[in-house]
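Here is a short report on one protein chain. Look over the sequence and the model, then read on.

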Amino acid sequence: MARQQRGYVDRTRDFLKQEKVKYFIGGAIATVAIGKILETEIAHNAAVSATAGILNLKDSVEEKVENIKEDAEDIHAEAQEKQKIEIYGPEDEEDEAE
């Protein structure tokens, strides 16, 4: 019987030495630990602060993109005006205005 128990112990040791089993056990422990950490008020406050920072960054990026769009529209309008002057000439523009 002792021999049979020793066989179980050896097989269990061999099983636990496998790399995949180690990763599984480590992942399970990490999941439980992270779950407990995330339940704390400190983690909640950190998540709120991080989210607020990301929202501020998003607003800043949107504002910059809007400024770039406005600048591009101004450049486009000026280019169209310049093209009209080059095609018709400045004196034709004055005649059309009257």
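## A nonpolar patch on a helical model

Five residues form a nonpolar patch on the surface: Phe15, Leu16, Phe24, Ile25 and Ile29. The model is predicted.

Two helices, α1 (2-17) and α2, each supply at least two of the patch residues. Helix α2 gives the most, with 3 residues. Phe24 lies in this helix, α2. Is Phe24 buried or exposed? Phe24 has 63% relative accessibility, so it counts as exposed, the cut-off being over 50%.

Helix α2 covers residues 19-38, 20 residues in all. From first C-alpha to last, α2 reaches 28 Å, close to the 28 Å expected at 1.5 Å a residue. Helix α2 is hardly covered: 1 of its 20 residues is buried.

The wider picture follows. The protein has 4 helices and 0 strands. From the N terminus, the order is α-α-α-α. Of its 98 residues, 3% count as buried. The accessible surface comes to about 9,200 Å². Carbon and sulfur atoms hold 59% of that surface.

Confidence comes next. The protein averages a pLDDT of 85, and 84% of the residues score at least 70.

Where pLDDT is low, the predicted coordinates should not be read in detail.

Notes:
Residues numbered from 1 in each chain as written. Predicted model: local features only at pLDDT ≥ 70, side-chain atom pairs only at ≥ 80, totals over all residues. Heavy atoms only, no water. Expected span 1.5 Å × (residues − 1). Buried < 20%, exposed > 50% of the residue type's maximum accessible area, 1.4 Å probe, protein only. pLDDT = per-residue confidence, 0-100. Patch = residues over 30% accessible without salt bridge, like charges linked within 9 Å, V, L, I, M, F, W, Y side chains within 5 Å. Areas by Shrake-Rupley, 256 points an atom, 1.4 Å probe, with all protein chains shown as cover. Salt bridge = Lys/Arg side-chain N within 4 Å of Asp/Glu carboxyl O.
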